[in-house]
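Here are a few notes to read alongside the model. Have the viewer open and follow the points one by one.

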Amino acid sequence: MRAGILNAYPRIGDTPEEQALRRAIARHDEGEISDQDLADAQQVASRLALQEQEAAGLDVVTDGLVGWHDPVSHLARGLGGFDVTGLLRWFDTNTYIRQPAARGPPTFTSPITVPALEAARRMTRRPVKAVVTGPITLAAYSRPVDGGSTERLAYDLIAPLAEEVRALAAAGAAVIQVDEPSLTQVRRLPAAATDAATAFARAKGGAELVLATYFGGVSGILPDLLSLPYDSLALDLVQGAETLPALRRVRTEKGLHLALIDARNTRLEVPAVIAKEARDLVAATGTPRPFLTTSNSLEFLPRAKAREKLRVLAEAARLAGGGP
Amino acid sequence: MSLLTTHVGSYPKPPELQRARTRFSRKEISAAALRALEEKATREWILFQESIDLDILVDGEMYRGDMATYFAENLDGAQVSGLVRSYGNRYYKKPLVTGELRRRGPITVDWWRFAQALTTRPVKGMLTGPYTMMDWSFDEHYGSRRDLAMAFARVIREEVLDLERAGAKYIQVDEPALSVRADEMPLVHDALGFVTKGVKAKTITHTCFGNYEALYADLARLPVDQVDLEMSNSGLDLLDLFRRSPFPKEVAFGVIDVHTHVLETKDLVKERIRRALEVLPPERLLIDPDCGLKTRTVEEAQAKMAVMVAATKEIRAELAAKG
């Protein structure tokens, strides 16, 4: 079974060497180093993240998203039509995003995540996954224009985000993952999620298009998610363990990214136990493209623990069959 | 007196103390040398708060690194993890629970006594609440969020009772994590209620940076006397809820955004207080910053607190003039 992390990876660690990016950002904030110096430091951090994933034996890698401000404002800063404002708690975590405030309809001006993808592709031979936060989540964590609605903002975000997906596909992303954690908070699939999936599917080129949900389960909307034109679904089966019974009842031709490794707790899973659970889910669902992944961003863990989780992830995938 | 002024908890550590903490972590200075600087900084913050005429003081938490890890460092069954990201370029270390939680002895009482002895004004006892300690910890022992929260509740209650016995008139049990999981409010009530049951001191809880729309009714029922809320960072959004459904408890109302270098003008703070007074009577309204000020510089924090108190005094005068 193939394996890879869901999205982000710790950008710093506990040793002084692993804190280079933190120091660089602080010095950049103080005007002591240039934008290029900061970009160089980000690239070093990204290379380390890639190397640690490769060393663990993961099949698909990410750049660790080490240049992202946060999962929301990073995209909003790159689109036209947003101001970035105060802090807002990110789901049920002790982490925060900067809340974007819409000035008007968002616009695509230039690719946001493509430069980091291109840099990552130059640093690894493994397939690289690109990540884009989806319109439902971006809208949910943004402030609409006065008199506007979150729903309208979600619709308005589809076209510019589809341009980003198109640019990522053109840049050679093997996998393009649309992160929609807010779909774990809804009882009915928002109509904008369907329109977004259609737009992204048209833009994805030859990349595998993945919809990722996390911070909870999606049992109530699982059939709707499976009907969307994504190639694969990534499902949080740790915090969203309530999805498991519903998942065992479906048969699907889609790829399933089984997020069975807990990215929010340090306790290490037993690879053989995870492998058995993954095999059972593959047998139950008939998915032709199983993939083992983490339940969330590994930035929720200290780097040393994240490294251990990489090893557990790769070993569990190996035991489940196939893989590295 | 109405419109009392207070502070949520932390102040920035002066640079010499920051350097000393780094040197202590490298074993370059002794615990006694670090303690001397922590006491000096605490003394300076108490003096500063008196100098601006703040009504209810805090010790400023000069001896704490992080509000959760400080307690983990002082409990059996808990350790401190490596660094994890909070936001932007800010990182913190999380508690890591590896065994049954037990208090070795009083954790904050000695520091509370030290600070209170420096002033005749009341100094708040400051603790982190059981739900937040649970939510912000890695759990390698209990395996259940409820079991872990109630385990923290047992040790925090011991600390509350010790603070009360030492003479604390105000005891704040912070629950910033309660603001994001409406489905777990029954657990918040059970754990916080266990901590505050029968306590005679005024009990307070602080929360911040969440979506309160779904939690509003639960906030009003929290088992504490006073709820301390971040208001300014979120553009005073909560006022609409207060207007629709009057809040029955005392409210400490955040009028200072703690996450910006920009110093609020006195007029802006006065405007925020006036808007608070539209929905809360002055005798149930306290004025404070949105949250702790430890992320600002000493100068920024002092300027923000001075503006806050000056603005409150002018509003008090306006209220007095109206009779």
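**Notes on the two chains**

1. Let's begin with Phe253(B). Leaving aside neighbours within four places in sequence, Phe253(B) is in contact with Leu229(B), Met231(B), Ala276(B), Leu285(B), Leu286(B) and Ile287(B). Contact here is a matter of C-beta atoms, placed from the backbone, lying within 7 Å.

2. Before going on, some ground rules. This is a predicted model, where local features need pLDDT of at least 70 and side-chain atom pairs count only at pLDDT 80 or more, while totals for chains, interfaces and linings use all residues. Residues are numbered from 1 along each chain as its sequence is written, and chains are lettered from A and ligands numbered from 1 in the order in which they are written.

3. Phe253(B) also turns up in the largest nonpolar core, which has 197 residues. Those with the most contacts inside this core are Phe253(B), Phe152(B), Ile176(A), Leu258(A), Ala278(A) and Leu292(A). A nonpolar core is a set of buried Ala, Val, Leu, Ile, Met, Phe, Trp, Tyr and Cys residues joined through C-beta atoms within 7 Å. Buried means 20 or more other C-beta atoms within 10 Å of a residue's own, exposed means 12 or fewer, and partly exposed is in between.

4. Where do the chains touch? 26 residues of chain A are in contact with 24 residues of chain B. On the side of chain A, the elements giving two or more residues are α1 (20-29), β2 (80-89) and α11 (303-320), and β2(A) gives the largest share, four residues. Helices (H or I, at least four residues) and strands (E, at least two) are DSSP runs, numbered from the N terminus. By class, this side of chain A has 11 nonpolar, six polar and nine charged residues. Ala, Val, Leu, Ile, Met, Phe, Trp, Tyr, Cys and Pro count as nonpolar, Asp, Glu, Lys and Arg as charged, and the others, Gly among them, as polar.

5. In chain B, look at helices α6 (residues 145-166) and α7 (residues 185-196): their axes come within 7 Å and cross at roughly 25°. α6(B) and α7(B) are therefore roughly parallel (angles under 35 degrees). Among the α6(B) residues in this contact are Met150(B), Ala153(B) and Ile156(B), while α7(B) brings Leu187(B), Ala191(B), Phe194(B) and Val195(B). The contact has nine nonpolar, no polar and three charged residues.

6. Now chain A: the axes of α6 (residues 150-170) and α7 (residues 191-203) come within 8 Å and cross at roughly 15°. That makes α6(A) roughly parallel to α7(A). Ala154(A), Tyr155(A) and Ile158(A) are among the α6(A) residues here, and they face a group in α7(A) including Ala196(A) and Phe200(A).

7. Is Leu54(B) buried or exposed? Leu54(B) is buried, with 24 other C-beta atoms within 10 Å, and it sits in the loop between α2 (31-51) and α3 (69-73) of chain B. Not counting residues up to four places away in sequence, Leu54(B) touches Thr5(B), Thr6(B), His7(B), Gln49(B), Met305(B) and Val309(B).

8. Phe91(A) has a positive phi of about 50° although it is not a glycine; Phe91(A) lies in the loop between β2 and β3 (96-107) of chain A and is buried. Leu3(B) is not a glycine either, yet has a positive phi of about 55°; Leu3(B) lies in the segment before α1 (15-25) of chain B and is partly exposed, with 19 other C-beta atoms within 10 Å.

Technical notes:
Axes fitted to C-alpha atoms, helices over the stretch in contact; angles between N-to-C directions. Parallel < 35°, antiparallel > 145°, perpendicular 65-115°, else oblique. Contact = placed C-beta atoms within 7 Å.
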